[in-house]
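Here is a short briefing for a first look at a protein model. Please keep the sequence and the structure in view while reading.

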Amino acid sequence: MNNTFGIEIIPPNEAGRIDALRRYKIYNTPSEGAFDRVAKLAARIFKVPVSLISLVGAEEVFFKANVGMGTTRTTSRGVSLCSIAIVNEEVTVFENAPEEPCLLTNPNVAGSFGLKFYAGAPLISHDGFAIGTLCIIDKAPRIFSPEDRVILQGLAQIVMDEIELRRAALEETEKLQHINDQLKAKNKELEDTQVSLNTGLVRLSASEERLRDIFQDAPVAISILKGRELVIESANTWILAIWGLDESAIGRTMREALPELEGQPVLQLFDNVFTSGVPYYSSEFKSSLKGNHLLQEQFYNVVFQPIRNEAGEVHSIMLVAAEVSELVNTRREAQELNEELYAMNEEMTATNEELSSANEALAVAQSQLQELVDSLSVSDAKFRNMITEAPVAIGVLKGRELIIETANAKLLTIWGRTDAVLEMPLSKALPELKGQPFLQILDNVITTGEAYYNYEVPAILNHHGVLTTVYLDLLYQPLKNGSGLTDSILVVATDLTEQVKARKKAEQAEETLRIATESAELGTWSMDSITGEFTTSLRSGQILGRDPEMEIPFEAVIDQVRSDFQTFVREAVSTSMENGEAFNIEYPITDLREGKERWVRSVGKLIKSETGHGSYLTGVLADITEQKKDEQRKNDFIGMVSHELKTPLTSLNAYLQILQGVAQKSQDSFSLHALERASKQVSKMTVMINGFLNLSRLESGKIQIDKQRFDLASLIRDVEKETTEQISTHQLVFEPVETAFVVADPDKISQVVNNLISNAVKYSAPGSTVQIACLKDQDKVIVSVRDQGMGIRKEDLSSLFDRYHRVNNQQTQTIAGFGVGLYICSEIIQRHDGKIWVESEFGNGSAFYFSLAREA
Ligand code: ADP
């Protein structure tokens, strides 16, 4: 520093003074209005061209305010007269500078500027350091009175006060800046939390479109209500929408803006928050506002958050009906307020308070958001569970690549896959779909957004290495995202493979049956069990000589039956309807077209519907006229031959008896033995021929039943006498019998008993026992013949009494017979209105029974 004054200008407290100057942070700062105004005032008061507020630094002097010195901002300390002025406590005055010895070499005085007058009042800090001056300068010498000094000193004091105030304000700014930084950091934290919550939401939304819709629609609204009178200080669009108001509501009290709240508890709730200072939380708060009718019935989670001033008194209430995006806006507004804080110290505190409140509200809203996210996760899990547990096959395919997002166990079973296919594109997971229509159909659903339904669709799927055809009822339902575009497909499938296969089998069986009946020239018919309506097939129609496939009343069908068979047919049908057993009957009818008699065989059975309604009798009808004619011819022939054989056989028997008499006389034992055997054979033959004769009589209706009242017990006793004489190969055991009167033809009944005994002997081993019994029942008498023979198989039992029926097996092959004996027995018993039946176990003997009505 070049000191031009030749006197000491560095004060003894220089170091402290420099520190003090630094403290005020004013050195080298831009000009400020307050200081400029004081400098201008000084220039005007003292009518001087130059007025400066100088701050004296270590090397230089800085002009904080400069009137009349152009753009000059600094000058050297060794040149500036202010350097002298700060050394004096009083005002330093040079009334005529050129005369001052210390200023002789000063360039301001000696140079072109031509300074003549200088007066400088020191600026003294509260702790006594002179940090600069307020000075006035003139280019002409002047007189400076003691009053002038007082005024200059006063102005210097104003400058110093301003500097002190400025410093206090700066410190406050720094403090606020610090708080602001903290708030920013808090905001950042909250933003980060919100971002991660939003990420969570987005992820959930991606997996479940509908849930995202719920989330997007979640409404949150904010308002700040000032004072107990609840002036709407601010309100976001959401809350205005809820209230059904517009922005003109701001500045009005709640009572004015929403008169309908009068009398509702909500106003009292606000007042309570004011009084207690305790926030009020409520979930599912119902809005009863007359505003937007869409929102009128909604529920909100609300918070009434008290806002306090510095003194801790509640001055406002923040009403939050949580909505995230609106809160972000509120926070942004708060940030803008922060920026304003830099310039507006007075408003800073209040705004910070609001920011803290906003943050609190934000935290509340975020915890609610977290709850929302949690409940969304729960309902997402529920939805997934629903799919997994669903009783039908369900899955979701995502995007055009048809990524398998979800597939329940049932769907995987249909596909023949495990859950390893999840997250795979469908075409990769099920390569066998290539060449089948499904991938194209699914693509169409994605591109058109239209659902696809189809029934019993065959699909070829690879089930553990085997290409298997399955039949499915299919639904492809497009799922739309928030913007209405189809982004995935819900697949619902029902496996009908078993049903379809069963139906196909039934169709095949029906076809086979149709072919069979057609080739056998069988007609079919059915009859409604309630209406008696009778429907025939084409062939049945032909047999009956009726128009085919026409509905005929049952009575008309009966009318066609020959009169002596009508009762028989009617009874067969009604019995079958009652007991549900099949009937198989033969009877003659008149062909309506040709007027001729035809024999038919009709087989039928009652088919019951589950409800009992709609049961029907159905069966087949065959034309057996030709067969009957053949039988007739055969019967006639057998009858004729038997008749012809009977006469020679009678003579043969007579001759044999004569010969036996001769042999007895001559004691020719060989001839006797041979004749005995011959007469046995002849009697066997006679029995056989009689059988055939009986049969042919039976068939031609010539058999005569001569009924009379007699004791069946004595008949059995007669039989006992005859048979024990004739049969020596078996043990015949006749149980004791009681008197039992019947009305019957005794010859025919003894023919039946004999026949049953001779069968028992024929079909059981020699030496075995045959038991004959006759037991009385309440109103009937039952005769039984029981043997220990070969027995009869179950399947043969039902046809045992049919004509010409013989059981065909190894044992019976060697036993002579024509299968007419049991037939004749059954015919005889039937003509007595009796009953004949058999009980037998194959290999374990048989028991034949017949019963007759007992006379009292
Ligand atoms: P057949 O002249 O053949 O004996 P039937 O009409 O008397 O004719 O009997 C019919 C068939 O019933 C026989 O062929 C036989 O197979 C069977 N049958 C009859 N009685 C008996 C019996 N007691 N034990 C086992 N099978 C019998």
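This is a predicted model: local features need pLDDT of at least 70, side-chain atom pairs count only at pLDDT 80 or more; totals for chains, interfaces and linings use all residues.

Residues are numbered from 1 along each chain as its sequence is written, and side-chain values use heavy atoms, with hydrogens and water left out.

**Confidence**

- The protein averages a pLDDT of 84, where pLDDT is the predictor's confidence in each residue, from 0 to 100.
- A pLDDT of at least 70 is reached by 89% of the residues.
- Residues 207-219 have a pLDDT below 50, yet this stretch has 30 contacts in the model beyond near neighbours in sequence. Contact means heavy atoms within 4.5 Å.
- Residues 292-297 also fall below 50, with ten contacts beyond near neighbours in sequence.

- Six strands make an open sheet in the order 3-2-1-6-5-4, with antiparallel pairing. Strands (E, at least two residues) and helices (H or I, at least four) are DSSP runs, numbered from the N terminus. Two strands pair if DSSP finds at least two bridges between them.
- Strand 3 (74-76) and strand 4 (92-94) each have a single partner strand, so one side of each has no neighbour in the sheet.
- From one strand to the next, the twist averages 25°. Axes are lines fitted to C-alpha atoms, for helices over the stretch in contact, and angles run from 0 to 180 degrees between N-to-C directions.
- Strand 2 (residues 60-67) and strand 3 run antiparallel, joined by three bridges. F62 has T74 of strand 3 as its bridge partner.
- Helix 2 (residues 33-46) lies across strand 1 (50-56), strand 2 and strand 6 (130-138), at about 75° to strand 2.

- Six bridges link strand 17 (residues 523-528) to strand 22 (residues 616-623). T524 is bridged to V620 in strand 22.

**Strands 26, 27 and 29**

- Strand 26 (residues 769-776) pairs antiparallel with strand 27 (residues 780-787) over seven bridges. A hairpin of three residues joins strand 26 to strand 27.
- Strand 27 is also joined to strand 29 (residues 846-853) by seven bridges, again antiparallel. Y849 in strand 29 is the bridge partner of S784.

**Helix 22 and two partners**

- Helix 21 (residues 712-726) packs on helix 22 (residues 746-762) at about 50°, with axes 10 Å apart.
- That angle makes helix 21 oblique to helix 22. Angles under 35 degrees count as roughly parallel, over 145 as roughly antiparallel, 65 to 115 as roughly perpendicular and the rest as oblique.
- The contact residues include L715 and V719 of helix 21, and I749 and V753 of helix 22.
- Helix 22 and helix 25 (residues 821-831) pack at about 150°, with axes 10 Å apart.
- Their contact residues include I749 and L756 of helix 22, and L822 and I828 of helix 25.
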